[in-house]
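Open the model in your viewer and start with the whole chain in view. The stops below go from the overall fold to single side chains.

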Amino acid sequence: MSLASYTLRRVLLIVPTLFGVSLLTFALSRIVPGDPARLAAGAQATPEMYEQIRREFGLDDPLPVQYWNYLSGLFQGDWGRSILSRRPVLEDLSIYWPATFELVLFAMLIAVLIGVPLGILAAVRADRPADQLSRVIALLGVSLPAFWLAILFQIFFGLQLGWLPVSGRLASLAEPPPVLTGLYTVDSFVSGQWATLGDSVRQLLLPAITLSFPAMATIMRFTRATLLETLGQDYVRTARAKGATERRVVSGHALRNALIPTVTMVGLSFGWAMGGSVLVETVFDWPGLGLYATKSALSLDFMPIMGIALLYGLVFSVINILVDVTYGALDPRVSRV
């Protein structure tokens, strides 16, 4: 099977995946106790006002009809309306998604740029001080809760040392750059607003580092394990026997094969980071999908939660496809399966 056919097959699998996500989130949203219409109407609302809200958002229809209306709306680009903001969910997602994507993207860049070199160093210097240090970092990365680490960074780097801001996407009096991509760092760079670029990077550092820590630890240990396994292969020992330097053995023979499984782990870590961004955004008051999801959940606003889950499912599926394509490019045997 060619790489193009392999990619097309994976793309087509997105449809049943998203259908399953929509059905599961719809069922869970109806199982959760509470009435979103009652919360939206308020404690002083009359029964007529309450019934009007239920009719307005289709909550008085039978559950199969509600799901069918939701599913048919998705095919028409209608993801429902938020009871909280009274705006279309798709409009809200377009507002909050760039902030989350920017945060997760920078977090993964930090995780890869630090985790992969540290994993290589730990494998090359196995059971030495560098390897022992990597084990400590990995243990802390997978053990410390994200919200606790976020609060710790806020107190130490923000409040005590005063090095970095602890909340928001820009300083309170700063003007956002012209909207091109929705990513403040990219938009300010393209438009040449260097002060805004510096401010957006400073605001981004603490939440991005916090979010990157678990992914960095996982990538580092995974890179170490796969590289150690590859360094024990026969073809690596043959390269050493032919007189190749250790640098040439690692970079020219072992590293490419060792990084193939790491690519998969990077893709999975990206999806996990998106899920973990909910707590980090809440602590740092980062105006992204995580904070939006938290407010929606507290208000029992089901449509935004379902929309966020669907968007996350779509992004995770696309990331898996990109990982598989990259995997197939690195190892052509994959595309023939």
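A residue is called buried here when its relative accessible area is under 20%, exposed when that area is over 50%, and partly exposed in between. The model is predicted. By that cut-off, 42% of the 337 residues in the chain are buried.

**Whole chain**

Show the chain as a cartoon and colour by secondary structure. The C-alpha atoms fill a box of roughly 85 × 55 × 40 Å along the principal axes. Of the contacts with a separation of 6 or more, 73% join residues 24 or more positions apart.

**Stop 1: the nonpolar patch**

Select F147, W148, I151, L152, I155, L159 and L279. Together these residues make a nonpolar surface patch of about 660 Å². Which helix gives the patch its largest share? Helix α8, residues 146–160, contributes six residues.

Zoom in on L152, which is found in helix α8. Is L152 buried or partly exposed? Its relative accessibility is 37%, so L152 counts as partly exposed.

**Stop 2: R87 and D92**

Hide the surface and show side chains. The structure holds two salt bridges. For one of them, select R87 and D92, where the closest N and O atoms are 2.6 Å apart. The two partners can be compared by their accessibility. R87 has a relative accessible area of 28% and is therefore partly exposed. D92 is at 0% and so counts as buried.

**Stop 3: R169 and E102**

Select R169 and E102 for another salt bridge, with 2.9 Å between the closest N and O atoms. Where do the two residues lie in the chain? R169 is in the loop between α8 and α9 (184–190), while E102 is in helix α6 (residues 89–124), so the pair ties together parts that are 67 residues apart in sequence. Both R169 and E102 are buried.

To finish, display the nonpolar patch along with the R87–D92 and R169–E102 salt bridges, and turn the model to see where each one sits.

How values were computed. Residues are numbered from 1 along each chain as its sequence is written. This is a predicted model: local features need pLDDT of at least 70, side-chain atom pairs count only at pLDDT 80 or more; totals for chains, interfaces and linings use all residues. Side-chain values use heavy atoms; hydrogens and water are left out. Buried means under 20% relative accessible area, exposed over 50%, partly exposed in between (1.4 Å probe, protein chains only). Contact means heavy atoms within 4.5 Å. Patches are made of residues with over 30% relative accessible area and no salt bridge: like charges are joined within 9 Å, nonpolar side chains (Val, Leu, Ile, Met, Phe, Trp, Tyr) within 5 Å. Accessible areas come from the Shrake-Rupley method with a 1.4 Å probe; for residues, only the protein chains shown count as cover. A salt bridge is a side-chain nitrogen of Lys or Arg within 4 Å of a carboxyl oxygen of Asp or Glu. Helices (H or I, at least four residues) and strands (E, at least two) are DSSP runs, numbered from the N terminus.
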